[in-house]
Amino acid sequence: MNRITTTTDVAIVGAGPAGLMLAHLLQRAGIASVAIDVRARGEIENTHRAGILEQDSVRLLTESGVSDRVLRDGYRHAGIDLAFGGGGHRVDLETLVGATVQLYPQTDVFIDLADARARDGGDVRFGVSEVSVADLTADRPLMRFTDAAGVRHEVAARILVGSDGSRSICRHEFPDATRRQFFREYPFAWFGILCEAPPSSEELIYSHSERGFALISQRTDTLQRMYFQCDPTEDVADWSDDRIWAELQARVGANGYVLKEGSIISKTVLPFRSFVQEPMRHGNLVLAGDAAHTVPPTGAKGLNLALADVRVLAEELELHLRGEEVALDRYAERALRRVWKAQHFSYWMTTMLHRLPDASDFDVRRQVGELTSVVSSAAGSTYLAEGYTGWPS
Ligand code: PHB
């Protein structure tokens, strides 16, 4: 069967935010790449994900010339609200650590990145199929795929990058003897909605209650994003708009808030787990973003971690391609240090705010004690603010 054979410096499997950001940074350093994705561009644009960008993620997008929209259309948040024990407690991120976050949805980050690749003439193929990688420990590892028109391709690269998300095929290419996988499952999920309503609050509300966790986030002046903790097997078909509003109101009402309601235009149950694969390098294949690690969504670390990975990866790849052999291992080590900090932060936020199915009254009161410790101590709230706005790399 005929194949079109090409060569490039870096072949990137997965053209979500991590893969596209990497391609963009590499191009700025004069390094060629080809990025592919099995999803069509429209499909990625319509996947709703988290919406909070750390300060350094915003800086990466603006300073590398991807987006000024993130500042224009996004919303700067200088604090978050932790709601528990009957009331709200504002954590003032800016005062505590001199940093803020930006509310700007992942779908918009993706659109900006895809537009930047198109503008700069980047080679990105969406909607491909039959993706495989081969010869991972050879000098010229291969990425194979069939493009959207049915033409088969083989790309010979110097390095392969697996940024192909939580259902990565690349991470399975690591021989069993060389890799370790670390998991944590949670006995709950998030029920996420998008609704047409005015904002109920200027900042995000992370709400603990006896009925379980709820998060009140926003998108625009007319569109809001909210979540409530649910059973992982929950079926969205069982949830009418009225039932959803009653549940959300009950959870935040326990802490003195009232939500502005509106028609619900999207309902999804979001999976919830913690996962890391180590190491993040095998031969000439490296992993980045969700392909190597997943965090639960509490604290919105997923996209930020993926962007932090590729910022470091672009730097180290440049050195590697210039002949510095140890650079790829250094990438894996530098990335994993941050990954495990974020794993802990996401786990901590999750377990502090969610109700376990078998929680006793003691457990719920203890969580309130923990939350009180965080908001009433400069050390506690500074720790939260540092993690939330993102650690320096
Ligand atoms: C969101 O707006 O989708 C969002 C915000 C903060 C989180 C998670 C999700 O911690």
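Trainee: Which residues come nearest to the ligand?

Mentor: Bear in mind that this is a predicted model. There are 16 residues around the ligand, and the nearest are Tyr-206, Ser-217, Arg-219, Tyr-227 and Gly-299.

Trainee: And what does Ser-217 do there, at the atom level?

Mentor: A polar atom of the Ser-217 side chain sits 2.6 Å from a ligand oxygen. Arg-219 also has a side-chain N or O atom 2.8 Å from an oxygen of the ligand. Then there's Gly-51, where a polar backbone atom is 3.4 Å from a ligand oxygen.

Trainee: How much of the ligand's accessible area does the protein cover?

Mentor: 99% of the 280 Å² that the ligand has on its own.

Trainee: Which elements give two or more residues to that shell?

Mentor: Strand E17 (214–218) and strand E18 (223–230). By residue type, the shell has nine nonpolar, four polar and three charged residues.

Trainee: OK, switching topic. What volume does the second largest pocket have?

Mentor: About 240 Å³. Its lining has 15 residues, with Thr-351, His-354, Leu-356, Arg-366 and Gln-367 nearest the centre.

Trainee: Which element gives the most to that lining?

Mentor: H10, with four residues. Helix H10 (361–376), helix H9 (327–353) and strand E14 (180–185) each supply at least two.

Trainee: And how do the lining residues divide by type?

Mentor: Seven are nonpolar, four are polar and four are charged.

How values were computed: Residues are numbered from 1 along each chain as its sequence is written. This is a predicted model: local features need pLDDT of at least 70, side-chain atom pairs count only at pLDDT 80 or more; totals for chains, interfaces and linings use all residues. Side-chain values use heavy atoms; hydrogens and water are left out. A residue is near a molecule or strand if one of its heavy atoms lies within 4 Å of it. A polar contact is a pair of N or O atoms within 3.5 Å; within protein, one must be able to donate a hydrogen and the other to accept it, and residues adjacent in sequence count only if both atoms are side-chain atoms. Accessible areas come from the Shrake-Rupley method with a 1.4 Å probe; for residues, only the protein chains shown count as cover. Ala, Val, Leu, Ile, Met, Phe, Trp, Tyr, Cys and Pro count as nonpolar, Asp, Glu, Lys and Arg as charged, and the others, Gly among them, as polar. On a 1 Å grid over the protein atoms alone, a cavity is a set of points where a 1.4 Å probe fits but cannot get out, and a pocket is an open set with protein on both sides within 12 Å along at least five of seven lines; lining residues have an atom within 4 Å of a point. Grid points are joined across faces, edges and corners, and a volume is the space filled by probe spheres set on the points.
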